[in-house]
Amino acid sequence: MINAYYGRKRTMKRDFMKLLAGGLSAAMLLAGCSGAAGSTAGGSSSEGGASADTGDTVKIGLNFELTGEVSSYGTAERNGAQLAIDEFNAKEDKPFTVEGVEIDSKGDPAESTTAAIKLIDEDQVAAIVGPATSAPSISTYQAASDKQTPVVSPSATQVDAMLNNGEPYEYAWRVCFEDSYQGAAMAIYAYETLGDKNAAIINETSDYGQGLAKTFKEKFESLGGKVVAQEQYNAKDTDFASILTKIKEKKFDVLYIAGYYGEAGLIIKQARESGIDCNIVGADGFESEKLAELAGKENLNKVWYTTCYTTVNASDELKSFIDDYTAKYDQAPNMFSALAYDATNLVLDQLAATGKTGAELNEAIKKADFSGLTGSFTFDEKTHTPKKTVLVVNQEDGVQTEVDEVEVK
């Protein structure tokens, strides 16, 4: 059912040597970015970008949350990105070598911006992948655009994250769908597939939580459903007894939790222990092995969430990715690993196809027709966001057992 969305069939031309022979000259190099064998190509240029010649080492910035509250996401994405780089470097016909330059954004927007500027100015990276979460990602977009260095966000799902006063940041892209899309998709699934007509919502007070809750509520009610209760919590909260007591007074058949795994796991655990046995649905913030640790596997039944990645009905290529990732990191990949793997391969494909960094690399990303583990897509030039099929996965004792596709109209 979903195998058509897996399997990377690269459509960009890859004859790198023909491109070089066709006229990539030394005059197009940036100052300080020599095309000599063994040199480093990167940085930005108002003239279009540096060449990445045979023998060069091209640097890619890996700006991820390696410590802090969402380090589970950042670490998974760093691992997925590095695996893509390792696979590129293992090819005998690779046009150049790629080096991943890792830096910890700590899940903080200010730290993330500082990290991006360092990667561009000091490390001379050709592009940046990351961070994993929306606020730290958005904080890098202006600097990246000012310095003509593409930044690709694997999972910055916030509504209008790529826009600045209604216009997209020129050098910012994402390979995930946005929250308005997945919030609406889950509302459709809960109402039409699960048959739920009355919903309660518990959301985090962050932009992520509020955006999801807003679109879920709007779509659910537009279909004929009713939201009978809505409560909010703050990040790092651990006791949800008062919230759960309030909503238990209402009659509902589905609970939508709009937040990240850290709090969502505890809400699910405490909800089940308090006697709330209805369907529980959520978003891609549920995607972490820590959800089962926090909620308890026995409580992860009748629990669904939206994602763009699942191992159910996995293709041969996805199985290969899982095997390679597990062998390298001694743990299975998740959605965030796959999104970063795709984001990095998108950059690597366009680097190999163009042999250029800066504006020309960015233009190639803009026009890319990409197919990866998390879906096939081209970019909407007005939003720099792909439209991808939303998958909804079911769990039994914390293990994914079924998957459905949802189309948002």
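When the whole structure is searched, two cavities of 30 Å³ or more are found, a cavity being a set of points on a 1 Å grid over the protein atoms alone where a 1.4 Å probe fits but cannot get out. The model is predicted, so local features need pLDDT of at least 70 and side-chain atom pairs count only at pLDDT 80 or more, while totals for chains, interfaces and linings use all residues. Residues are numbered from 1 along each chain as its sequence is written, and side-chain values use heavy atoms, with hydrogens and water left out.

The largest cavity holds about 70 Å³ of space, where a volume is the space filled by probe spheres set on the points. Its lining, made of residues that have an atom within 4 Å of a point, includes Tyr73, Ser134, Thr157, Tyr208, Asp284 and Phe336. By class, this lining divides into five nonpolar, five polar and one charged residues.

The second largest cavity holds about 30 Å³ of space, and Thr157, Cys176, Phe177, Asp284, Cys308 and Leu339 line this cavity. Here the classes are four nonpolar, one polar and one charged.

A separate place to look is Asp207, which lies in helix α6, residues 207-222, a helix being a DSSP run (H or I) of at least four residues, numbered from the N terminus. Asp207 is exposed, with a relative accessible area of 51%, exposed meaning over 50% with a 1.4 Å probe and protein chains only. Its C-alpha atom is separated by 7.1 Å from that of Gln158, although Asp207 and Gln158 are 49 residues apart along the chain.

Technical notes:
Helices (H or I, at least four residues) and strands (E, at least two) are DSSP runs, numbered from the N terminus. Buried means under 20% relative accessible area, exposed over 50%, partly exposed in between (1.4 Å probe, protein chains only). On a 1 Å grid over the protein atoms alone, a cavity is a set of points where a 1.4 Å probe fits but cannot get out, and a pocket is an open set with protein on both sides within 12 Å along at least five of seven lines; lining residues have an atom within 4 Å of a point. Ala, Val, Leu, Ile, Met, Phe, Trp, Tyr, Cys and Pro count as nonpolar, Asp, Glu, Lys and Arg as charged, and the others, Gly among them, as polar.
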